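Reader: Can you walk me through this one? I'd like to start with the sheet and go from there.

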Amino acid sequence: MSKKTAIIGSGFSGLSAAAYSAKNGHEVHIFEKNDSIGGRARQFSTDNGYVFDMGPSWYWMPDIIEDFFNDFDRKSSDYYELIPLDPQFEMVFEDGNMSLPQSYPEMRNLFEQTESGAGNKLDDFMKDAQYKYEVGMKDFVIKPCHSWLEFVSPKIAKSALKLDLLSNFHRFVRKYFAHPKLIMLMEFPVIFLGAAPKDIPALYSLMNYGGYKLGTWYPMGGFYKVIEAMKEICLENGVKIHLNAAVEKINVSNSKVHSITVNDEEIVFDTVIASSDYHHTEQKLIPEKYRNYNEEYWKNKTFAPSCLIFYLGFKEKIPNLKHHTLFFEHDLDLHTAEIYTEKKWPTKPLFYACCPSKTDKNVAPENCENIFLLMPIATGITDSEEMREKYFEEMISRLEKHTKTTNISEKIEYKRSYCIKNLKEDYHAYEGNAYGLANTLNQTAVLKPSLRNKRIKNLFYTGQLTVPGPGVPPSIISGKIAATEASK
């Protein structure tokens with residue numbers, strides 16, 4: 001007899017867990033509290049013709065995303081068109097700009113022109129990063145991480161030293177490069193892992209390979225096309241999706257889930273996989289005696305950043321702007337210290353602009369521009385409209401300077417902000433976190449919150465607060481791991 005499985009939440013990890021659970025023969029139901037699927041990767045459209053992805057916008061590690069589709073005898077191209085971005089992105093520095101080419105030979109030339117000998121150093125760096133990527137993303141991240149014994153194998157033991165688990169990313173990058181712009185270029189991807197480069201294991205140079213070497217891509221129609229594709233695979237495998245269906249309680253007896261309560265209705269299930277916020281699931285949905293962790297545990301964890309986002313529609317084209325632009329005119333170490341150590345609004349912030357209408361004419365009206373501004377900030381800080389507007393004015397001013405335009409605010413015909421309060425309201429996000437739990441050394445693998453409830457035999461967790469960690473590909477992998485564990 002097949003199991004009846006409930007999935008709480010429809011983000012990447014929830015859709016992945018649902019698809020794999022259905023493939024494993026379960027009767028699967030997804031319960032989503034919001035009126036559309038996708039979690040942080042939702043999309044919305046405006047009355048005047050703009051289409052905004054609400055969250056993820058960097059399509060990196062395309063092979064890992066492709067693995068999901070291949071597991072269901074499908075290809076991503078069955079559902080959406082993937083376009084390589086060239087340049088992959090532009091970085092704005094105080095004394096000039098740097099665009100990262102899509103072509104690796106051109107990228108190598110850029111490094112050599114910036115710093116003598118850096119072309120060969122980039123080859124060495126990427127060779128090392130490729131090894132970490134292939135071992136890390138193919139062997140390490142697929143483990144459920146119940147015990148360190150899972151990592152006892154000849155291959156992993158042989159790889160241990162080469163993976164640089166005990167050295168930090170800050171020092172590792174400086175082994176190869178001395179020029180400040182190249183250092184910042186190589187360090188930028190780890191910001192969203194949840195700590196300063198000095199606190200991130202050098203293992204995560206794999207992100208430079210998974211991004212820069214494998215390329216930065218864009219799914220035409222927006223990142224939500226990936227969500228829609230995963231939804232189609234779920235439906236093809238018989239998954240039922242319930243919207244506006246907030247799970248209010250996970251009902252437990254004799255150390256076993258027997259049902260969930262949704263909109264005051266009790267529904268019987270054999271297994272529950274919670275893709276919802278881990279802290280919320282434990283603190284609000286199950287009795288205290290069954291929780292893996294208490295409030296003190298969460299307070300002592302290091303979280304990846306929250307963010308301040310603006311979704312902007314401009315009624316004319318904005319010149320001199322790429323699809324992805326990183327505004328790094330200020331000190332990266334200062335901004336990361338204010339996010340992770342001082343826990344305050346940044347004094348000299350870095351931020352990111354995404355302009356998908358440069359690539360995709362369907363996300364904005366004709367001769368208009370769709371721009372998404374994102375500034376990483378600390379979790380748990382005070383979020384007010386006054387503070388949002390203060391940083392909006394600063395970001396717009398720097399956008400004007402970079403694009404050599406004036407009075408750019410007067411060209412805005414749609415504006416919406418999104419920050420800590422919204423993340424809490426929409427996703428029950430702990431302290432308004434946007435990217436999950438930081439991938440620091442003491443929060444890696446077995447040291448992350450457990451994928452399995454230790455007191456309830458048929459309750460599992462998935463997503464960015466458990467293994468393998470934050471990001472779209474890791475979340476998809478997390479759903480697969482949870483589904484596999486729940487099927488045992």
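This is a predicted model: local features need pLDDT of at least 70, side-chain atom pairs count only at pLDDT 80 or more; totals for chains, interfaces and linings use all residues.

Reader: OK. Which strands form the open sheet, and in what order?

Author: Five strands form it, in the order S9-S2-S1-S13-S19. The pairing is parallel.

Reader: Which strands stand at the edges?

Author: Strand S9 (240-242) and S19. Each has a single partner strand, so one side of each has no neighbour in the sheet. From one strand to the next, the twist averages 20 degrees.

Reader: What joins S1 to S2?

Author: Five bridges. S1 covers residues 4-8, S2 covers residues 27-31, and the two run parallel. Take Lys4 as an example: its bridge partner in S2 is Glu27.

Reader: Is S1 enclosed or open to the outside?

Author: Largely enclosed by the rest of the structure, because four of its five residues are buried.

Reader: Which helix packs on the sheet, touching S13 and S19?

Author: Helix H15, residues 472-486. Its direction makes about 165 degrees with that of S13 (271-274).

Reader: At what angle do H1 and H15 pack?

Author: About 35 degrees, with the axes 7 Å apart. H1 is residues 12-23. The crossing of H1 and H15 is right-handed.

Reader: Which residues meet there?

Author: From H1, the list includes Phe12, Ala17 and Tyr20. From H15, it includes Val472, Ile476 and Ala483.

Reader: New topic. How many residues are in the largest nonpolar core?

Author: It has 114 residues. Phe111, Phe177 and Tyr212 have the most contacts inside it. Helix H4 (residues 118-140) gives the most to this core, with nine residues.

Reader: Why would nonpolar side chains end up together?

Author: As a general point, nonpolar side chains tend to be buried together in soluble globular proteins.

Reader: And what is Phe111 in contact with?

Author: Leaving aside neighbours within four places in sequence, its contacts include Leu100, Leu122, Phe177 and Met186. There is also a second, separate core of 28 residues. Ile260, Trp298, Ile456 and Tyr461 are among its members.

Reader: Back to strands. Which residues of S15 are buried?

Author: His324 and Leu326 on one side, Thr325 and Phe327 on the other. Both faces of S15 (residues 324-327) are covered.

Reader: Which way does S15 run against S6, parallel or antiparallel?

Author: Parallel, with three bridges joining S15 to S6 (residues 89-93). Glu90 stands opposite Thr325.

Reader: And against S16, parallel or antiparallel?

Author: Antiparallel, over four bridges. S16 is residues 351-354. There, Tyr352 is the bridge partner of Leu326.

Reader: Last one, Asn439. Where is it found?

Author: In the loop between helix H14 (420-427) and strand S19 (459-461).

Reader: Why is Asn439 called buried?

Author: Because its relative accessible area is 3%, and buried means under 20%.

Reader: What does its side chain make a polar contact with?

Author: The side chain of Lys448, at 2.6 Å.

Reader: What else does Asn439 touch?

Author: Not counting residues up to four places away in sequence, the list includes Leu193, Ile200, Tyr204 and Thr444. Pro468, Gly469 and Pro470 are on it too.

Notes. Residues are numbered from 1 along each chain as its sequence is written. Side-chain values use heavy atoms; hydrogens and water are left out. Buried means under 20% relative accessible area, exposed over 50%, partly exposed in between (1.4 Å probe, protein chains only). A polar contact is a pair of N or O atoms within 3.5 Å; within protein, one must be able to donate a hydrogen and the other to accept it, and residues adjacent in sequence count only if both atoms are side-chain atoms. Contact means heavy atoms within 4.5 Å. Two strands pair if DSSP finds at least two bridges between them. Axes are lines fitted to C-alpha atoms, for helices over the stretch in contact, and angles run from 0 to 180 degrees between N-to-C directions. A nonpolar core is a set of buried Ala, Val, Leu, Ile, Met, Phe, Trp, Tyr and Cys residues joined through side-chain atoms within 4.5 Å. A crossing is left-handed if the near helix is turned anticlockwise from the far one by less than a right angle, and right-handed if clockwise.
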